[in-house]
Amino acid sequence: MKILLLTHGQLAEGLLHSVTMLIGTLSDVDFISFSESMGIEALTEDVREYLNNNNDESILIMTDIMGGTPFNVASMESYENERIAVFYGINLPLFVEAYMNKDMMTFEELVNYLDGIKNETIGKSNL
């Protein structure tokens, strides 16, 4: 199972760096950044190439904004493909949960687990 971070700008790279600081070296995690100079065609090509190079893997794609270009490309490429799941609204706690559990659960279990806890990964302090 692989995790692909797919975001606008350098968010994906920053999340990867932050989790590496917390956990250490990560395996089976990649990122694709949608830069200002890219068009949707270039991003689609990068995502398709990644998926084709990993066509024997289940892939959890974590994107930033629902309706944004990375989310839309991921959603189109994952349509009717049971080995790919797309989440939007990525944040550090959800990414950590995904990474820490990816080797302990089946792909379906992980997707269901993340779907169940996603609302618990952000909140307001009561202090």
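**Figure 1. Packing of helices H4 and H5 in the predicted model.** In this predicted model, the axes of H4 and H5 come within 10 Å and cross at roughly 155 degrees. That angle makes H4 roughly antiparallel to H5, because angles over 145 degrees are classed in this way. The crossing of the two helices is right-handed. Helix H4 comprises residues 92–101, and helix H5 comprises residues 107–117. The loop between H4 and H5 contains Lys-102, a residue that counts as buried at 2% relative accessibility.

**Figure 2. Packing of helices H1 and H4.** Helix H1 spans residues 11–23, and its axis comes within 10 Å of the axis of H4. The two axes cross at roughly 60 degrees, which makes H1 oblique to H4. This crossing of H1 and H4 is right-handed.

Figure 3. Leu-22, Ile-23 and Met-100 make a nonpolar surface patch of about 280 Å². Met-100 is found in helix H4. The relative accessible area of Met-100 is 44%, so this residue is classed as partly exposed.

**Figure 4. The salt bridge between Asp-28 and Lys-102.** The structure holds 5 salt bridges, one of which joins Asp-28 to Lys-102. The closest N and O atoms of this pair are 3.8 Å apart, and a salt bridge is counted within 4 Å. Asp-28 lies in the loop between H1 and strand E2 (29–34), whereas Lys-102 lies in the loop between H4 and H5, so the pair ties together parts that are 74 residues apart in sequence. The two partners fall into separate accessibility classes: Asp-28 is partly exposed, with a relative accessible area of 33%, while Lys-102 is buried at 2%.

Figure 5. Asp-28 is placed in the loop between H1 and E2. Its phi is near 60 degrees, a positive value in a residue other than glycine. At 33% relative accessibility, Asp-28 counts as partly exposed.

Figure 6. The side chains of Lys-118 and Asp-115 meet in a salt bridge, with an N to O distance of 2.5 Å. Lys-118 is partly exposed at 34% relative accessibility, and Asp-115 is partly exposed with a relative accessible area of 40%. Elsewhere, salt bridges that share partners join Lys-2, Asp-28, Lys-102 and Asp-103 into one network.

**Figure 7. The salt bridge between Glu-77 and Arg-48.** The side chains of Glu-77 and Arg-48 meet in a salt bridge, at 2.9 Å from N to O. The pair links distant parts of the chain, 29 residues apart: Glu-77 belongs to helix H3 (residues 69–78) and Arg-48 to helix H2 (residues 40–53). Glu-77 counts as buried at 19% relative accessibility, a value that falls under the 20% cut-off for this class. Arg-48, in contrast, is partly exposed, with a relative accessible area of 45%.

**Figure 8. Packing of helices H2 and H3.** The axes of H2 and H3 are 10 Å apart, and the two helices pack at an angle of about 45 degrees. That angle makes H2 oblique to H3. H2 passes H3 in a right-handed crossing.

**Figure 9. The loop position of Glu-80.** Glu-80 lies in the loop between H3 and strand E4 (84–87). Although Glu-80 is not a glycine, it has a positive phi of about 55 degrees. Glu-80 is exposed, with a relative accessible area of 69%; the class applies because exposed means over 50%. The C-alpha atoms of Glu-80 and Glu-108 are 15 Å apart in space, and the two residues are 28 residues apart in sequence.

Terms used:
Residues are numbered from 1 along each chain as its sequence is written. This is a predicted model: local features need pLDDT of at least 70, side-chain atom pairs count only at pLDDT 80 or more; totals for chains, interfaces and linings use all residues. Side-chain values use heavy atoms; hydrogens and water are left out. Patches are made of residues with over 30% relative accessible area and no salt bridge: like charges are joined within 9 Å, nonpolar side chains (Val, Leu, Ile, Met, Phe, Trp, Tyr) within 5 Å. Accessible areas come from the Shrake-Rupley method with a 1.4 Å probe; for residues, only the protein chains shown count as cover. Helices (H or I, at least four residues) and strands (E, at least two) are DSSP runs, numbered from the N terminus. Buried means under 20% relative accessible area, exposed over 50%, partly exposed in between (1.4 Å probe, protein chains only). Axes are lines fitted to C-alpha atoms, for helices over the stretch in contact, and angles run from 0 to 180 degrees between N-to-C directions. Angles under 35 degrees count as roughly parallel, over 145 as roughly antiparallel, 65 to 115 as roughly perpendicular and the rest as oblique. A crossing is left-handed if the near helix is turned anticlockwise from the far one by less than a right angle, and right-handed if clockwise.
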